[in-house]
Amino acid sequence: MSSFASKRAQREAKQSKSFVSSFASSLSPQIHDDSDKFEPPIGPSEESSCVELADLYADLPPSLEVRWRKLDGRGIWAKETIRKGSILLVQRPKISVLSTKNLTEHCSYCVAGSKNGPLKRCTKCKLIWYCSSECQNIDWSIHRHECSAISSWMTSASDGSPPGEAIRTLGRILWGRKVWGESSAWWKGIQALQSHRGTLPLAAVQSHTQLAHALVRYLGVTSPTELSPYGLNSAGDIVDLISRFTTNTFALTCPTLSPLGTCVSPIAALFNHSCDPNAVIVFPRPTAKRTASSSIPNAALEPRLHVIALKDIERGQEVLTSYIDTTVPTAQRQRTLKESYNFSCICTLCSNITGSLDPREAVLCPSSCGGLCSAPFTVEKDSNFVLWRCTSCKLPCTPAAIEDIEDKRRIGQDALDKATELQLSDPVRASKLTTNMIRLLGTHLPPSAHPLLGLLRLQQSLLIDTLSTAPNASIFVDETIQIAGRVVSGLTAVLSDGHPVRGVAMAELGKLLAMDEPASAGGVSGTVSSPVFPPTGPRRLALAVEMLKNALGELTTGFGEAISGGEAGNGVRETIVQLEREMNVWRQGIRHLREDTGAITKPK
């Protein structure tokens, strides 16, 4: 027989589901509330109005200002000319949460990796890890609430699994309100985040409802009145909270852009989107000393979000970042933006007024002239014959060729989706999928085209994992270098120079070239585009240094010139110095060998 306590727990669980379900019944696209909108007097739709924010965004530097425009609401604009590579903004996010798989490898406060020193686990929840007592003490104001919630969640879970990062992020937001108060600038910043409550799409209702159920369970409440201390007094408040979370969170990344978790920054959320951005949000983790005025070590100030100018930005120009992966085709970007952020993009890349060829949606000329054909994913079939025309030889693609390539692109997309899903659970099968699809699509698409570029990037990631784990990894080195070379070629075509994604890809290629050659390595060429790649011997090492220097230039721009490209830039700089030292030793050895040989063969 079950105990009275267990029966009570079951009854409370049903009650919590019941009252959340009543809230869920009111989740509707027709719900409308203008409370989240920030609208000053409306001028002409093409013009922007400066927004008075008092101390709400006190961290915003004097070179930037918040403006409002009827077309897209609030945004951030340059008050002075800003040079490419400049750091526009530095701020520690209000909330940062690691994904479950990264909890044991990074400090949950400063996000320092375990490679920098051993981590210590919270002895109560046994889920959260810290790199030092300083980080643990700073985080205790929030974790004291989170700790018991995590323990209760894991105890009640049938498999003992922890709450996901979305639930933990929402929990930290609400506990932050309790810690700092509803009148604090901290909470006002969260409240000022945009909510799509008035235009919530039907597709989002189910996911919002599931998050609401999970959040109620995580907080341990059993009735609507118990949500009042968190500022949740109605269904609309829950909708607003979850909508603000889903719309305004950013990926928390390491200095080389690998995702680590989720973060919330009200200031960074003000930057509007463009698929051709002039700025980027990164976490470069620069090396710096503790300031005299601060008792907090530099590491504990991390993770610091940096907004970096990717292009020169003129005074009076809006600063735009990208919310999504911009290496994919227009139709896919538009679909993602609509589903995740509830708007359609009209940037220059999406509108393509000039009708120029987009390397994301290009195919190799079937006539093998070396040119490219513009092959949009969204064209109607009756117009394909006209649109798919080589930009070099001007010959059109035949209907049969178009149909064949379209089928292969669809198959490639399915394979990319499946391989991405299997990447962690079954990497061997994922690698087989990507290998087969790369072979199939490689004869029809340039490296920049979708879905080939996505497959190449995934295959490179899988191969690099193999290099670090397989006992016979050296046999995969050249294959990995060849794939990495095609990735760099593709990214160079679709991203602007100085983009950190390009810089990281170049750095990875340079480091791969610097690895010890496999015994059977062959090739005589010295460039990525040459018939035989990678080269061998000294030419290989020279190419590694050349690629790393190119990467350093890109990283210095993409992660900030003032901090020399952050941790990624410093790492590449150290590798270049090491390789150049090795090359000098090799040159000296050759010179001495020649001198000795000359002395031996010199006639007496």
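Among the elements of the protein, which has the lowest mean pLDDT and which the highest? After that, please look closely at the packing of helix α2 and helix α5.

A: Helix α1 (residues 4–24) has the lowest mean pLDDT of the elements, 46, and strand β11 (residues 279–282) has the highest, 98. pLDDT is the predictor's confidence in each residue, from 0 to 100. This is a predicted model, in which local features need pLDDT of at least 70 and side-chain atom pairs count only at pLDDT 80 or more, while totals for chains, interfaces and linings use all residues. Residues are numbered from 1 along each chain as its sequence is written, and side-chain values use heavy atoms, with hydrogens and water left out.

For the protein, the mean pLDDT is 85, and 83% of the residues reach 70 or more. Two stretches stay under 50: residues 26–45, with 35 contacts beyond four places in sequence, and residues 288–296, with seven such contacts. A contact here means heavy atoms within 4.5 Å.

The protein has 16 helices and 15 strands; these are DSSP runs, numbered from the N terminus, with helices (H or I) of at least four residues and strands (E) of at least two. Of its 604 residues, 49% are buried, that is, under 20% relative accessible area, with exposed meaning over 50% and partly exposed in between (1.4 Å probe, protein chains only).

Now the part itself. Helix α2 spans residues 133–156 and helix α5 residues 202–219. The two pack at an angle of about 110°, with their axes 8 Å apart. Axes are lines fitted to C-alpha atoms, for helices over the stretch in contact, and angles run from 0 to 180 degrees between N-to-C directions. Angles under 35 degrees count as roughly parallel, over 145 as roughly antiparallel, 65 to 115 as roughly perpendicular and the rest as oblique; α2 and α5 are therefore roughly perpendicular to each other.

On the α2 side, Glu146, Ala149, Ile150, Trp153 and Ser156 take part, and they meet Ala214, Arg217 and Tyr218 in α5. By class, the contact of α2 with α5 has five nonpolar, one polar and two charged residues. Ala, Val, Leu, Ile, Met, Phe, Trp, Tyr, Cys and Pro count as nonpolar, Asp, Glu, Lys and Arg as charged, and the others, Gly among them, as polar.

Cys125 is in the loop between β6 (120–121) and β7 (129–130). Its relative accessibility is 5%, so Cys125 counts as buried. From Cys125 to Ala149 there are 24 residues in sequence and 8.6 Å in space, C-alpha to C-alpha. Beyond four places in sequence, Cys125 is in contact with His143, Cys147, Ile150, Ser151 and Met154.
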